[in-house]
Amino acid sequence: MKQRELGRTGILVSEICLGTMTFGQQNTEAEGHAQLDLAIETGINFIDTAELYSIPPRTETFGATERIVGSWLAKSGRRDQIILATKVVGRSPMEWFRPGGEETRLTPRQIRYALEGSLKRLGTDYVDLYQLHWPDRRVNLFGAGGTTFEKPPVDDEVPLEETLGVLGDLVTEGKIRHVGLSNETPWGVAKCLEASRQGAPRVVSIQNAYNLINRTFELGLAEFALRERVGLLAYSPLAQGYLTGKYLDGARPAGARTTLFNRGQRYEKPGVDDAIRAYIALAQEFGIDPVQLAVAFVTSRSFVTSNIIGATSIAQLQTILGSVGVEITPELESRINAIHQIHNNPAP
């Protein structure tokens with residue numbers, strides 16, 4: 001397992017990060033602990049969670065994932081060996097996150113409240129990376145708007161400078177070490193970097209979706225990642241499991257996430273199945289597991305700091321971890337790009 005620098009921090013994180021959003025609904029505490037144990041054994045030192053998790057978000061289960069990660073940290077005694085990342089929810093009407101059922105916003109008061117809750121659930125007095133799960137302003141989120149863009153309403157947005165200001169205070173207080181973004185746009189990254197030149201903490205990472213059927217990160221954000229060293233923490237390298245082929249032609253395997261929760265609309269757009277079939281056929285031609293091809297491609301990108309994987313079984317996790325042995329050769333990359341040219345980002 002190779003390691004890469006997180007931004008300009010000097011902190012080295014594993015090229016694979018264990019995502020944990022299934023802990024607390026699809027996975028029990030014991031299953032979550034088993035995944036964490038296996039991840040550490042294979043060289044992973046980077047764990048990602050969020051106050052939102054587990055997924056799908058529900059009143060009964062928000063924060064469950066952080067509690068499971070926290071109980072593992074307490075049991076294992078490995079806090080000082082782990083780079084721990086979590087997130088604060090962005091603007092949302094989900095009423096269960098804040099006292100009194102108020103709309104969640106990225107205000108100083110709410111951020112402090114959210115972080116204190118995360119620290120308590122995780123059983124730690126600091127997190128290494130604290131990420132804004134999505135912006136306070138209105139943007140296309142989680143693929144709902146595709147690649148279309150409409151002028152957003154300018155209402156009572158919390159200024160990024162105000163949000164970054166309280167995060168800077170929390171860095172000074174030692175409660176967080178570094179700040180990251182998630183589900184962010186090039187404009188948002190540029191504004192954050194501009195704010196850092198005025199004394200705000202410098203963002204060190206961008207956690208956005210990136211996979212074979214959604215390479216939109218390359219269109220504007222990849223240059224920021226490379227030139228400014230604000231690397232991608234890529235989520236959904238398997239496109240929520242769709243790149244395995246298990247959902248082709250509307251199939252719904254028992255126990256699979258989309259079967260259980262019907263939340264796969266991001267990957268059910270025109271052209272998606274054709275693209276997936278092309279990538280699976282390519283993997284078979286090269287004698288590579290399609291899962292490992294998809295994950296290895298993401299890990300191999302120069303602008304990726306770490307590839308956030310997720311699984312609901314140890315067998316799935318072992319298969320995904322096997323991707324570190326897959327080389328994306330020039331020939332294979334050329335063939336991948338040829339498919340991409342024909343099936344260009346069908347699931348942004």
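Mentor: The side chains of Arg 177 and Asp 128 meet in a salt bridge, with 2.7 Å from N to O. A salt bridge here is a side-chain nitrogen of Lys or Arg within 4 Å of a carboxyl oxygen of Asp or Glu. Arg 177 belongs to strand β7 (residues 176-182) and Asp 128 to strand β6 (residues 127-132), so the pair ties together parts that are 49 residues apart in sequence. Strands (E, at least two residues) and helices (H or I, at least four) are DSSP runs, numbered from the N terminus.

This is a predicted model: local features need pLDDT of at least 70 and side-chain atom pairs pLDDT 80 or more, while totals for chains, interfaces and linings use all residues. Residues are numbered from 1 along each chain as its sequence is written, and side-chain values use heavy atoms, leaving out hydrogens and water.

The two partners can also be described by accessibility. Asp 128 is buried, at 1% relative accessible area, whereas Arg 177 counts as partly exposed at 37%. Buried means under 20% relative accessible area, exposed over 50%, and partly exposed in between (1.4 Å probe, protein chains only).

Other salt bridges share partners, and these join Arg 91, Glu 103, Arg 105, Asp 136 and Asp 156 into one network. A search of the whole structure finds 27 salt bridges. One of them pairs Arg 98 with Glu 51 at 2.8 Å, N to O, and both of these residues are buried.
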